[in-house]
Amino acid sequence: MGTQDIIDTLAGIEPGSTLDAIRARRLQARENAQKSYLALFEPIEAGDFSLAERAVVAAFATGLHGESPVAAFYSDKLAATADVAPLLDAINAEIERGKTSGPYGAYPAGPLSIENKAGLIYRVSAERKPVLGARLVAALEHAHLLLFHPRDAASADMKALLAAGWSSTGIVTLSQLVAFLSFQVRVVSGLRTLAAASA
C-alpha cells in the first residue's frame, strides 16, 4: 500500500509490533478497510458529495461516539478544509446536542417488539441551520438516524435528503461513509484497548 494505513495510524500501531502482526493475519480485511477509507475520503472523483461535506459529516459522526483519536482526526480534517471556524463551532455544538446512547427504534409488531426503545430524535438546531445549509442539515440528521435509529430509517428520510439536494448516488455514499466511520471507531477502540492490555 502506498499510503499509511489509516487504522494503524489512529490505533497507534507501530510496524513490527504485536498488534501489527495480529492485523497482518487478516491482511484482506486490513487492505479492504484501507481501500474503503481511500474511496470515501480520497476518491478520484468526489461527485456531488464534496470532500468538504464528507469532512463535516465525518467530524459529526465520529464526534457523537465521544472523545477518541478517530474523532480528533476527523475534526482536524474538517479544520484543514478551508476557513471553517463558524462551521467547526456549529458542528461541535451539534455534536453536544446529538450525543446519546441507543440504538433506538421500533420493530414491526411481533416477538421482537419487546426490544423497542424510544430515544432522542435529533434535529439540527434552528440557529445553526443557516451556517450549515440545507444539504448538511439533512446529512447530519440522516447520519444521526443511521447511528442511533437504524431500524427506523424509512423512505421519508430519503425524500428529505432528495429535497435538500442530495442525489441517489450521494445518499448511498453518505450512508456508506457513516457505516464505515462506525466500523472504524470500533476497530480503533478495540485495537487501542488490546495495546493497553498488552503494555
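**Helix packing and charged pairs**

Me: Which hand does the crossing of helix 4 and helix 9 have, left or right?
Reply: Helix 4 and helix 9 cross in the right-handed sense, where right-handed means that the near helix is turned clockwise from the far one by less than a right angle, and left-handed anticlockwise. Helices here are DSSP runs of H or I with at least four residues, numbered from the N terminus.

Me: Before we go on, what should I know about the model and the numbering?
Reply: This is a predicted model, in which local features need pLDDT of at least 70 and side-chain atom pairs count only at pLDDT 80 or more, while totals for chains, interfaces and linings use all residues. Residues are numbered from 1 along each chain as its sequence is written, and side-chain values use heavy atoms, with hydrogens and water left out.

Me: Back to those two, then: at what angle do helix 4 and helix 9 cross?
Reply: The axis of helix 4 and that of helix 9 (residues 168-198) cross at roughly 40 degrees and come within 10 Å. That angle makes helix 4 oblique to helix 9, since angles under 35 degrees count as roughly parallel, over 145 as roughly antiparallel, 65 to 115 as roughly perpendicular, and the rest as oblique. The axes are lines fitted to C-alpha atoms over the stretch in contact, with angles running from 0 to 180 degrees between N-to-C directions.

Me: And which residues make the contact?
Reply: Helix 4 contributes Arg-54, Val-57, Ala-58, Ala-61 and Thr-62, while helix 9 contributes Thr-173, Leu-174, Leu-177, Val-178, Leu-181 and Val-185, contact meaning heavy atoms within 4.5 Å. By type, the residues of this contact are eight nonpolar, two polar and one charged, with Ala, Val, Leu, Ile, Met, Phe, Trp, Tyr, Cys and Pro taken as nonpolar, Asp, Glu, Lys and Arg as charged, and the others, Gly among them, as polar.

Me: How does helix 4 pack on helix 6?
Reply: Helix 4 (residues 51-64) packs on helix 6 at an angle of about 30 degrees, with the axes 9 Å apart, and this crossing is right-handed. On the helix 4 side the contact uses Val-56, Ala-59, Phe-60, Gly-63 and Leu-64, and on the helix 6 side Leu-87, Ile-91, Glu-94, Ile-95 and Gly-98. Of the residues in the contact of helix 4 with helix 6, seven are nonpolar, two polar and one charged.

Me: What does Glu-94 pair with?
Reply: Glu-94 forms a salt bridge with Arg-97, whose closest N and O atoms are 3.1 Å apart, a salt bridge being a side-chain nitrogen of Lys or Arg within 4 Å of a carboxyl oxygen of Asp or Glu. Both residues sit in helix 6 (residues 85-98), three residues apart, which is about one turn of the helix, and Arg-97 is partly exposed at 39%. Glu-94 also has a salt bridge to Arg-128, with 2.5 Å between the closest N and O atoms. Arg-128 belongs to the loop between helix 6 and helix 7 (129-148), so this pair ties together parts 34 residues apart in sequence, and Arg-128 is buried at 15%.

Me: Where does Ser-125 sit?
Reply: Ser-125 lies in the loop between helix 6 and helix 7 and is buried at 9% relative accessibility. Apart from neighbours within four places in sequence, Ser-125 contacts Glu-94 and Arg-97.

Me: How many salt bridges are there?
Reply: The count is nine salt bridges. One of them joins the side chains of Asp-5 and Arg-23 at 2.9 Å, N to O, linking the segment before helix 1 (6-11) to helix 2 (residues 18-24) across 18 residues. Asp-5 is buried at 7%, and Arg-23 is buried too, at 10%.

Terms used: Buried means under 20% relative accessible area, exposed over 50%, partly exposed in between (1.4 Å probe, protein chains only).
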